[in-house]
Amino acid sequence: MTSENIICSFTNCDQGHVIPPWSARVDVRGFHVPKSKRKGMVVDWTGDGSAFFHMTCWQRVCDLAQGTTPNIKLCKKEKDLIYEAEQTAEFHDSEECFQKEALRIAALLRDSAYCIGFTGAGISTAAGIGDYRGIHGQWTNNDKTKEYGPASASFGLNLHSKRDHLLPTYTHEAIYKLMDMGLIKYLISQNTDGLHKLSGIPSDKISELHGNGYEEKCDTCGSRRMRRKSTDQHLRVPPQECCRCGCDHRTGNTCEIPGCNGYMMNTIINFGDILEEFVYSSAKENGEKADVVLCLGTTLLVSPADELVTLGKKPNRLVICNRQSTPYDDYCNQIDEHGAQIGSRVYGDCDRLMKLVMRFILGEDHIKEWEEGRDQRIALYDMTRT
């Protein structure tokens with residue numbers, strides 16, 4: 001939850017324009033329109049096409065774009081802005097909603113026999129890593145720049161320049177704590193930042209579907225190790241372009257297994273690469289056991305990873321927290337034979353939700369002790385990385 005008021009961008013806002021921190025809101029981003037051509041528009045768009053709304057104001061703006069309000073006519077350019085903004089709109093539920101759903105999620109976790117986690121890029125944005133499909137995400141930025149020119153670009157955080165300084169977020173630590181308590185049995189992640197394992201998740205309790213930027217494997221014997229910085233030996237390692245993704249997976253290191261001398265490769269799965277069979281098989285096996293799936297920070301749009309969340313026992317008790325809509329949202333709101341909602345759908349930031357969930361699970365006394373231990377955990381992370 002943001003600590004500051006935000007001003008609603010809808011010029012016809014009837015709620016006082018101010019969006020308090022505890023209220024529901026929508027953040028959107030269209031494309032760049034010169035200020036001289038934004039005169040007369042019903043939305044006060046920023047230079048890169050961003051805008052912020054009360055939830056009801058955004059709905060009114062969308063209705064205007066559809067022409068359902070005959071007394072107000074929008075110009076074609078503003079309609080195009082709204083249609084573009086709809087594609088990546090980010091929603092934030094009210095504090096009241098967060099409190100209610102956090103209580104429901106805590107109960108689901110406690111009552112579950114085999115809960116698994118499923119995470120995406122959204123849990124690492126608080127660590128300083130940009131996401132992909134958010135309003136300022138990498139793919140979103142690429143698409144807008146290609147379609148509307150460089151003036152529509154948005155420059156986010158650079159993952160690679162900060163990689164060695166990244167720390168697990170509150171959500172990473174909460175997942176590890178819940179696993180340590182036995183409430184989460186297994187974790188499936190689409191992230192390559194290595195923050196789950198850094199937080200303490202053991203290798204046999206996680207499937208990193210798209211690899212880990214801190215691990216490397218030998219292309220000859222298959223042995224694995226934590227990736228080391230390349231030394232002068234990288235000058236003797238010839239590059240090799242991957243026939244599937246076109247990238248060079250070699251890290252510049254060589255295998256240290258006696259008699260092997262193979263070349264070490266990163267474990268990153270790029271577009272075009274095939275998921276490692278043992279990684280996917282373990283994810284599928286645990287997905288089939290699940291009675292609750294806690295999905296955090298993912299739009300669930302990447303196949304075949306997304307299919308794993310509905311493999312478990314019926315009914316599919318899905319919990320999803322993400323700023324944007326997913327194809328699986330309807331699963332969260334299904335009703336069981338007793339008339340109770342079987343899952344939970346929360347729009348917003350994962351850290352905000354998990355702070356509430358952990359309070360309901362640990363209680364006020366234990367949550368304070370656990371949260372105050374972060375400095376010690378950070379020291380451990382630093383030792384692990386070095």
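Colleague: Which strand do 5 bridges join to strand 14, and in which sense do the two run?
Modeller: In this predicted model, strand 14 covers residues 317-322, and one of the pairs along it has Arg 317 as the bridge partner of Val 292. The two strands run parallel, and the strand joined to strand 14 by the 5 bridges is strand 13.

Colleague: Is Leu 108 buried or exposed, and what is its relative accessible area?
Modeller: Leu 108 has its place in helix 3, which is made of residues 95-111. Setting aside residues up to four places away in sequence, Leu 108 touches Val 292, Arg 317, Val 319, Ile 342 and Gly 343. Buried means under 20% relative accessible area, and Leu 108 is buried because its value is 13%.

Colleague: How far apart in space are Leu 108 and Leu 183, C-alpha to C-alpha?
Modeller: Along the sequence, Leu 108 and Leu 183 are separated by 75 residues. In space, taken from C-alpha to C-alpha, the distance between Leu 108 and Leu 183 is 9.8 Å.

Colleague: Which backbone nitrogen does the side chain of Ser 112 reach at 3.0 Å?
Modeller: Ser 112 is found in the loop between helix 3 and strand 6, and at 15% relative accessibility this serine counts as buried. Once its neighbours within four places in sequence are left aside, Ser 112 is in contact with Asp 291 and Val 292. The side chain of Ser 112 reaches the backbone nitrogen of Tyr 114 at 3.2 Å, whereas the backbone nitrogen reached at 3.0 Å belongs to Cys 115.

Colleague: On which residue is the kink in helix 10 centred?
Modeller: Helix 10 has 22 residues, 350-371, yet its end C-alpha atoms are only 16 Å apart, which falls short of the 32 Å that a straight helix would reach at 1.5 Å a residue. The helix has a kink of about 115 degrees, and the residue on which this kink is centred is Gly 363.

Colleague: What covers the buried residues of helix 10?
Modeller: The buried residues of helix 10 include Leu 353, Leu 356, Val 357, Ile 361 and Trp 370. Among the elements that cover the buried residues of this helix are strand 13, strand 14, strand 15, helix 3, helix 6 and helix 11.

Colleague: Which residue does UniProt list for "active site", and which backbone oxygen does its side chain reach?
Modeller: The unreviewed UniProt entry lists His 210 under "active site", and this residue has its place in the loop between strand 8 and strand 9. At 15% relative accessibility His 210 counts as buried, and its contacts, apart from neighbours within four places in sequence, include Ser 189, Thr 267 and Val 302. At 3.1 Å, the side chain of His 210 reaches the backbone oxygen of Gln 190.

Colleague: Is Cys 221 buried, exposed or partly exposed?
Modeller: The unreviewed UniProt entry places the feature "binding site" at Cys 218, Cys 221, Cys 245 and Cys 260. Cys 221 lies in the loop between strand 9 and strand 10, and, neighbours within four places in sequence aside, it is in contact with Cys 255, Ile 257 and Cys 260. Because its relative accessible area is 40%, Cys 221 is partly exposed.

Colleague: What is the relative accessibility of Cys 245?
Modeller: Cys 245 has its place in the loop between strand 10 and strand 11. Not counting residues up to four places away in sequence, Cys 245 touches Asn 270, Phe 271 and Asp 273. Cys 245 counts as buried, with a relative accessibility of 18%.

Definitions and conventions:
Residues numbered from 1 in each chain as written. Predicted model: local features only at pLDDT ≥ 70, side-chain atom pairs only at ≥ 80, totals over all residues. Heavy atoms only, no water. UniProt positions renumbered as here; feature names shortened; annotations may be inferred. Helix = DSSP H or I, 4+ residues; strand = E, 2+ residues; numbered from the N terminus. Buried < 20%, exposed > 50% of the residue type's maximum accessible area, 1.4 Å probe, protein only. Contact = heavy atoms within 4.5 Å. Pairing = 2+ DSSP bridges. Expected span 1.5 Å × (residues − 1). Bend = angle between axes of the 7 residues up to and from the residue. Polar contact = N/O pair within 3.5 Å; in protein donor to acceptor, adjacent residues only side chain to side chain.
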